[in-house]
Amino acid sequence: MDDTRGVLDSLSFRLGLVGAQVTLAFAGRVEEVGVGHKHVGTLSVIAARGTCSQREIADSLGVAPSLVVGLIDRLIEMEAVTRTRDGDDRRVHQVALTETGRAVLEECVQRVHALDAGLLSLIGGAAHESLAAGIAAFVGDDGMPTRIRNEL
């Protein structure tokens, strides 16, 4: 028996391959705006939550807080966000979008919608509905894959 086919044919492996290719395509489109895909995720979390702490951003994205610090540093350089110390706890930094950040995010949203359209053109209408339902089963109310992180 060829055990390698079991891995190559597995849902987990295939989703990983597809995810990697989509991430590369997404990154290429937003790079033209001057940000990386992780910056877009950070901006999106801030836009959805409003002013929030770096820890809240890290928790939402499922990444280490130290990664978020570097992402926020770059976004501050771009004047896309502001970072201020929390009035109640000096160890906490609150992050908020600026008008520049909203404009950058809006441009990225347009680009991701174009990418989505391209991806959906590769599959039929019924497959699109099935794909949307399948992905919805993995994500929480916030659109993040919290079910995978929390239940597996």
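This is a predicted model: local features need pLDDT of at least 70, side-chain atom pairs count only at pLDDT 80 or more; totals for chains, interfaces and linings use all residues.
Biologist: Where do R74 and E77 sit?

Modeller: Both belong to helix α5, which spans residues 65–77, and they are three residues apart, about one turn of the helix. R74 is partly exposed at 33% relative accessibility, while E77 counts as exposed at 62%.

Biologist: And how many salt bridges does the count come to by this rule?

Modeller: The count comes to eight. One of them joins R111 to E32, with the closest N and O atoms 2.4 Å apart, and this pair links distant parts of the chain, since R111 is in helix α6 whereas E32 is in the loop between α2 and α3, 79 residues away.

Biologist: Which residues are linked with R111 in a network?

Modeller: E32, E107 and R111 are linked in a network of salt bridges. E107 pairs with R111 at 2.8 Å between the closest N and O atoms, and because these two are four residues apart in helix α6, about one helical turn separates them.

Biologist: Changing topic, at what angle do α3 and α6 pack?

Modeller: Helix α3 (residues 37–49) and helix α6 (residues 99–121) pack at an angle of about 115 degrees, and their axes are 10 Å apart. The crossing of the two helices is left-handed.

Biologist: Which residues meet there?

Modeller: From α3, V40, L43, S44 and A47 meet G101, V104, L105 and C108 of α6. By class, this contact has six nonpolar and two polar residues, with no charged ones.

Biologist: What about V30, buried or exposed?

Modeller: V30, which lies in helix α2 (residues 11–31), counts as buried because its relative accessible area is 0%, and the cut-off for buried is under 20%.

Biologist: What does V30 touch, leaving out residues up to four places away in sequence?

Modeller: On that basis, V30 touches V35, G36, H37, V40 and C108. Two of these contacts, V40 in α3 and C108 in α6, also take part in the contact between those helices.

Biologist: How far apart are V30 and D141?

Modeller: They are 111 residues apart in sequence, and their C-alpha atoms are 25 Å apart in space.

Key: Residues are numbered from 1 along each chain as its sequence is written. Side-chain values use heavy atoms; hydrogens and water are left out. Axes are lines fitted to C-alpha atoms, for helices over the stretch in contact, and angles run from 0 to 180 degrees between N-to-C directions. A crossing is left-handed if the near helix is turned anticlockwise from the far one by less than a right angle, and right-handed if clockwise. Contact means heavy atoms within 4.5 Å. Ala, Val, Leu, Ile, Met, Phe, Trp, Tyr, Cys and Pro count as nonpolar, Asp, Glu, Lys and Arg as charged, and the others, Gly among them, as polar. Buried means under 20% relative accessible area, exposed over 50%, partly exposed in between (1.4 Å probe, protein chains only). A salt bridge is a side-chain nitrogen of Lys or Arg within 4 Å of a carboxyl oxygen of Asp or Glu.
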